[in-house]
Amino acid sequence: MRDRKTDDAFKENVARYGRLIVNHLSILVKLTGIHGSINEAMINAASRLLSDLEPFIGEEGELSLKMVEGSFFIEDVRVKASLSDVDNFEFLAGEFKKRRIGVLALRAPLQNDDLIYLAYSIKGGVEASEIQSLLESKLTKGIAIGGPIFFDKKDSLDMSDTREVATRLYTIGLAAVKEIDISARAGKPINARKVKRVIHAIVDNILKDEAYLLGFTTLKSFENYLYNHMLNTAILSIGIGKRINLPRNQLSRLGMAAVLHDIGKAEIPMSILNKPSELDSNDLELMMRHPVDGVRMLMRTKDLSDITVISMLASLEHHINYDRSGYPELPNKRIPNIFSRIVSIADCYDALTSGKVYKRTAYSPENTLRFIHDKSGKLFDPVLARVFIKMLAGNNSTE
Ligand SMILES: [Fe+2]
Ligand SMILES: [Fe+2]
């Protein structure tokens, strides 16, 4: 049992080294998937992890890393991720979840090899128990792995800490949009219940502390571009909506429309969506069908609501410009609906800064804002474009 004094020191250690431990373990597990054999990068990652563990285990101590509901804990102290950690935290949480790992106990003395073997065992094992026997077969006595643990949800998240909630929301949001995309790809009707809950929470969070969650939209993932893009477009759209004083319920509707704006892309193979080179004319033709495909998919939604209708409009119109150019060609050319106009700005900003348009090289945020400024009144609603530029130009810091 720790007393209060050692408790404070322990918490300090978790704050200082906890995120490094999760990051370095995550990197180590990732590296096992990239390299066939142990190489220098792995040895480096393992020795960094070993030195992160040092303050906890020293010469004869023990540390237990737990994962509960996607959050990491060292003993009972939550490991907080900062903005740059989200990718690694999410990856490791995903690996733990897939293999039903809840606890990882690490005991001194440990060596680089033990940690490398641990990473391989996590990657190679199907379930916690199997990983444990893999480890035992290698006589790695200092490491034990246990199955999933469940806590009362309230314990795992301090709801009063807006920034902590924002970090969690981004991670949960990514998982929720991924689920929608996967089920849409399987041809199932869209079930947006989970995403709707996340969007409500994002709206609340942005109303409290706009800058922090907006900072997450700088996160780009090449592999998972579509998921980050869906979520980023929603966050940026809600940010604009807040600045034009849309009431809370409208912000949620706007967020849902934004998150689903590219749902039609679920008809496009991932190999084309993630193609690193420029798209050829066949790819482009397929791409340009997504606004209409999105409407078709949304029509299959189980309970048709006003959110579905707004989402259909955003899907249909987000590539139709303010001057009515763009696609798809509609018989009656009219200026898109206000939600679609908001989504189109947020969409363009995120796509350009991710390098996902035409030339596939990313624009800097500054150049993208300049582009939006130059095209305002032509491609974009001039009033909304001004609001957007002001929002991001004043929000460069995320810490
Ligand atoms: Fe689109
Ligand atoms: Fe988009």
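**Terms set against values**

Mentor: Among contacts in the protein chain between residues at least 6 apart in sequence, 70% join residues at least 24 apart. A contact here requires that the C-beta atoms of two residues, placed from the backbone, lie within 7 Å. The model is predicted, so local features need pLDDT of at least 70 and side-chain atom pairs count only at pLDDT 80 or more, whereas totals for chains, interfaces and linings use all residues. Residues are numbered from 1 along each chain as its sequence is written, while chains are lettered from A and ligands numbered from 1 in the order in which they are written.

Trainee: How many helices and strands does the secondary structure of the protein chain have?

Mentor: There are 18 helices and 5 strands. Each is a DSSP run numbered from the N terminus (helices are H or I with at least four residues, strands are E with at least two).

Trainee: What makes Y120 count as buried?

Mentor: Y120 belongs to helix α4 and has 21 C-beta neighbours inside 10 Å. A residue is buried if 20 or more other C-beta atoms lie within 10 Å of its own, exposed if 12 or fewer, and partly exposed in between, with C-beta atoms placed from the backbone. Y120 therefore counts as buried. Other buried residues of α4 include D114, L115 and I122. For the whole chain of 399 residues, 41% count as buried.

Trainee: How do you know that the span of α4 agrees with its 13 residues?

Mentor: The expected span is 1.5 Å times one less than the number of residues. For the 13 residues of α4 this gives 18 Å, and the end C-alpha atoms are 18 Å apart, so the two values agree. Helix α3 (residues 86–98) also has 13 residues, and its reach of 18 Å is close to the expected 18 Å. D87, F89, E90, L92, A93 and F96 are the buried residues of α3, and just after this helix R100 takes a positive phi of about 50°.

Trainee: Why is N245 called exposed?

Mentor: N245 has 8 other C-beta atoms within 10 Å and therefore counts as exposed. This residue sits in the loop between α10 (225–243) and α11 (248–259); its phi is near 60°, a positive value in a residue other than glycine.

Trainee: Where is P328 found, and what kind of peptide bond joins it to Y327?

Mentor: P328 lies in the loop between α15 (306–317) and α16. The bond from Y327 to P328 is cis, with omega near -5°.

Trainee: Why are α16 and α18 called oblique to each other?

Mentor: The axes of α16 (residues 338–354) and α18 (residues 382–393) come within 10 Å and cross at roughly 45°. Axes are lines fitted to C-alpha atoms, for helices over the stretch in contact, and angles run from 0 to 180 degrees between N-to-C directions. Angles under 35 degrees count as roughly parallel, over 145 as roughly antiparallel, 65 to 115 as roughly perpendicular and the rest as oblique. The pair is therefore oblique. R341, I342 and I345 of α16 meet L384, A385 and F388 of α18.

Trainee: What makes α17 roughly antiparallel to α18?

Mentor: Helix α17 (residues 365–374) packs against α18 at about 160°, with the axes 10 Å apart. That angle therefore makes α17 roughly antiparallel to α18. The contact involves P365, L369, I372 and H373 of α17 with A385, F388, I389, L392 and A393 of α18.

Trainee: How do the residues of the contact of α17 with α18 divide?

Mentor: They comprise 8 nonpolar, 1 polar and no charged residues. Ala, Val, Leu, Ile, Met, Phe, Trp, Tyr, Cys and Pro count as nonpolar, Asp, Glu, Lys and Arg as charged, and the others, Gly among them, as polar.
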